[in-house]
Amino acid sequence: MVFLTRRATFSASHYYWNEAWTAEENERVFGRCANRNGHGHNYTLEVTVAGEPDAVTGFVVDLKWLKEVMEREVLAAYDHRHLNLETPEFAEAIPTTENIAIAAWRRLEPAVTKAGGARLNRVRVYETPEIFAEYRGEA
Amino acid sequence: MKAYFGRRYRLSASHRLHSEALTAEENQAAYGKCNNPHGHGHNYVVEVLVGGDVDPETGMVVNLAVLDEVVDRRVMGRFDHMNLNLDPLFLNRVPTTENLCRTVFGLLKDGLPAGQLEQVRVEETENNFFEYFGERS
């Protein structure tokens, strides 16, 4: 089994807000991230797939194909968007880095599985170079 | 649903690699320049990975401010801009980055909710790093 990882970047805005809470509670828990005017990040999406290298090509997957899948399934929806206002999965869920990693997994997994061969192993999302979250498909 | 949250912290400290169990020549052979009597320093990066269920109310595995507070209090406050050899935890243990990594893991494990700490990575320079996941049975 070989693990292959590809990176891509996207820029998006968001804010953290739980509608069930008062403004004071939101500000206490989320701090500056609760500013309803939003703020933005340069995110890095890191996608890892796992599989055996193909006997003929030596590829786990074709990197160009993986790049296209990431662009079509994730970047087309998130890049230069306001995540709270423009993506259906964050109409309710808060676009924390954890939830973005889970949502990106859900967007990518069907396409990777359908292609056969390699399996999606890990999705890691960097919000800044110092802060990241990842999802490994666990329940 | 289990997810992971990671955070990188910068820590500058000095150390000297020297073992009392070795002769001066053996120390020199084992540690080379790192055995220089007056020590030297690094800009370490400490990468902390925690795991757990995503809280449906906050969308978070851990609140960043809470994690920062634990790391600041238990690790940064203790080691940042310090001489590692002088810390009681390194009195009888050479402050290699392997040992620093395990020590940081232990300090954070005791300060975080049970089962939350997944991994500590310590990068000593851009070209070397060490990871510790705890002891697994």
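1. Conventions. Residues are numbered from 1 along each chain as its sequence is written, and chains are lettered from A and ligands numbered from 1 in the order in which they are written. Because the model is predicted, local features need pLDDT of at least 70 and side-chain atom pairs count only at pLDDT 80 or more, while totals for chains, interfaces and linings use all residues.

2. Secondary structure of chain B. Three helices and five strands are assigned in chain B; helices (H or I, at least four residues) and strands (E, at least two) are DSSP runs, numbered from the N terminus. Their order along the sequence is β-α-β-α-β-α-β-β.

3. Along the principal axes, the C-alpha atoms of chain B fill a box of roughly 60 × 35 × 30 Å. Chain B has 137 residues, of which 27% count as buried. A residue is buried if 20 or more other C-beta atoms lie within 10 Å of its own, exposed if 12 or fewer, and partly exposed in between, with C-beta atoms placed from the backbone. Of the contacts in chain B between residues at least 6 apart in sequence, 67% join residues at least 24 apart; a contact requires C-beta atoms, placed from the backbone, within 7 Å.

4. The A–B contact. Here 18 residues of chain A are in contact with 16 residues of chain B. On the chain A side, the elements giving two or more residues are α4 (97-115) and β5 (131-135), and β5(A) supplies the largest share, five residues. By type, this side of chain A has ten nonpolar, four polar and four charged residues. Ala, Val, Leu, Ile, Met, Phe, Trp, Tyr, Cys and Pro count as nonpolar, Asp, Glu, Lys and Arg as charged, and the others, Gly among them, as polar.

5. Strand pairing between the chains. β5(A) pairs with β1 (residues 2-15) of chain B in the antiparallel sense, over four bridges; pairing requires at least two DSSP bridges between two strands. Within this pairing, F132(A) stands opposite G6(B) in β1(B).

6. Positive phi in chain A. H80(A), a residue other than glycine, has a positive phi near 55°. H80(A) sits in the loop between α2 (63-78) and β3 (81-82) of chain A, and counts as exposed because it has 11 C-beta neighbours inside 10 Å.

7. Positive phi in chain B. H81(B) is not a glycine, yet its phi is positive, about 60°. The loop between α2 (64-79) and β3 (82-83) of chain B holds H81(B). With 10 C-beta neighbours inside 10 Å, H81(B) is therefore classed as exposed.

Technical notes. Contact = placed C-beta atoms within 7 Å.
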